[in-house]
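Please keep the sequence and the model in view while reading.

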Amino acid sequence: MLHLTAGRVGGLLSRRGVAAFSASSVKMASHGHGDVTEQADMSVPMYWDRLDTPLPDRPYQDTLSDADKSLKQKEKGPWNNLSKEEKLALYRMMFKESFAEMKKPTGEWKTVVGGIFFFIGFTGLVVLWQRYFVYPPHPRTFDDEWQAKQVQRMLDMRVNPVEGFSAKWDYEKGQWK
Amino acid sequence: MFRAALRASVSGARSLTRARPQYTASVAARSYSHGKQETDEEFDARWVTYFSKPDIDAWELRKGMNTLIGYDLVPEPKILEAALKACRRLDDLASAIRILEAVKDKSGPHKEIYPYVIQELLPTLSELGIPTPEELGIDKA
């Protein structure tokens, strides 16, 4: 699917879309080094492994060796005459992956989670660098000494003396309640 | 059909009761509020007839199987028997094995369906010489 999209876009860009599609194999003539792999020929029946489409349009192996061909001939006779290996060979000729192989877990999630952590970590480094190289120095009002004097001033003014700030200060003892 | 099993699991029951579904996944795939609804037996009979066609061709087999697997149900053993016999007429052992794999996959979490189907199909399987995926070892990746 992805290759087809790339091909279509390339076709439109090259203005030789007609030429690109008329050929039996959809190779991008204009984009030279663009397409590394040959695109699947979508004008003929394709093979795919899908759980919801058990019998694809064509067998997996379409070019059979002589041994395969003779096995195919044997298939026309009673199947009880075939050995287990021959039956397996016939299956593999027709299909690429069995259902079990299709459904096998890929472990892709490990890559995804690993990638997430990696980029979060990288962002952390960027933030750290920012802290040291981008942000200007603190205003002096953030210094501990200034903050202490500010608190003292607020207490002296009796800020929120009923239920708020100064209410929590014990003026007799000179400490927080 | 085994679509009832899917409904049964939604309601929490684990048995294979054959309750009547509210609508049928027929070829037209529409829920009619009026008009004749296809019964399970009619559905089964229609598909058995489809696969029993003596001169069925490979395309029809593929189309039939892919469509049948597309439905929200596990096909009855008698439909599968007709399909396997169609594979025999077409000299296609691989597709027969693939059909069995697809049935197992369609059962989803209901692990009891596939052994039941195989048990029902055993006469046909041994008569035609079709191995089960387990016998070939392709049931494990």
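B:Glu134 is partly exposed, because its relative accessible area is 32%. The model in which this residue is seen is a predicted one. The side chain of B:Glu134 meets that of B:Lys104 in a salt bridge, with 3.6 Å from N to O. This pair links distant parts of the chain, since B:Glu134 belongs to helix 7 of chain B and B:Lys104 to helix 5 of chain B, 30 residues apart. B:Lys104, with a relative accessible area of 39%, is partly exposed as well. Side chains of opposite charge can pair when their charged atoms come close.

B:Glu101 pairs with B:Arg98, and the closest N and O atoms are 4.0 Å apart. The two residues are 3 apart in helix 5 of chain B, so about one helical turn separates them. Both B:Glu101 and B:Arg98 are buried. For B:Arg98 the relative accessibility is 0%, which is why this residue counts as buried under a cut-off of 20%.

B:Arg98 also has a partner in the other chain. A:Asp49 forms a salt bridge with B:Arg98, and here the closest N and O atoms are 3.1 Å apart. Because A:Asp49 lies in the loop between helix 2 (17-22) and helix 3 (66-75) of chain A, while B:Arg98 lies in helix 5 of chain B, the pair joins two chains. Through shared partners, salt bridges connect A:Asp49, B:Arg98 and B:Glu101 into one network. Over all chains, the count of salt bridges comes to 18.

How many salt bridges are counted between chain B and chain A? The count is 2. Besides the pair of A:Asp49 and B:Arg98, there is a salt bridge between B:Asp105 and A:Lys103, whose closest N and O atoms are 2.5 Å apart. On the side of chain B that touches chain A, the elements giving two or more residues are helix 3 (58-70), helix 4 (77-89), helix 5 (93-107), helix 6 (113-128) and helix 7 (133-136) of chain B. The largest share of that side, 8 residues, comes from helix 5. By residue class, the side of chain B that touches chain A divides into 14 nonpolar, 4 polar and 11 charged residues.

The interface can also be described by its contacts and its area. In total, 29 residues of chain B are in contact with 32 residues of chain A. The two chains bury about 2,600 Å² between them, and 61% of this area is on carbon and sulfur atoms. Within chain B, the residues that lose the most area to chain A are B:Leu93, B:Arg98 and B:Asp105, which together account for 25% of what that side buries.

Helix 5 of chain B also holds B:Ser95. Is this serine, B:Ser95, buried or exposed? B:Ser95 is buried, because its relative accessible area is 3%, under the cut-off of 20%. Leaving aside residues up to four places away in sequence, B:Ser95 touches A:Leu55, A:Met94, A:Phe95 and B:Cys87.

Attention now turns to the fold of chain B. The chain contains 7 helices and 0 strands, and along the sequence the pattern reads α-α-α-α-α-α-α. Of the 141 residues in chain B, 48% are buried. Among contacts between residues of chain B at least 6 apart in sequence, 59% join residues at least 24 apart.

Helix 3 of chain B may be examined as one element of this fold. Helix 3 has 13 residues and reaches 18 Å from its first C-alpha to its last, close to the 18 Å expected at 1.5 Å a residue. At the start of helix 3, a side-chain oxygen of B:Asp57 comes to within 3.1 Å of the backbone nitrogen of B:Trp59. Which residues of helix 3 of chain B are buried? They are B:Glu60, B:Leu61, B:Gly64, B:Met65, B:Asn66, B:Leu68 and B:Ile69. What covers these buried residues includes helix 2 (40-52), helix 4 and helix 5 of chain B.

Conventions. Residues numbered from 1 in each chain as written. Chains lettered and ligands numbered in written order. Predicted model: local features only at pLDDT ≥ 70, side-chain atom pairs only at ≥ 80, totals over all residues. Heavy atoms only, no water. Contact = heavy atoms within 4.5 Å. Buried area = accessible area lost by both parts, 1.4 Å probe. Helix = DSSP H or I, 4+ residues; strand = E, 2+ residues; numbered from the N terminus. Nonpolar A, V, L, I, M, F, W, Y, C, P; charged D, E, K, R; others polar. Expected span 1.5 Å × (residues − 1). Buried < 20%, exposed > 50% of the residue type's maximum accessible area, 1.4 Å probe, protein only. Polar contact = N/O pair within 3.5 Å; in protein donor to acceptor, adjacent residues only side chain to side chain.
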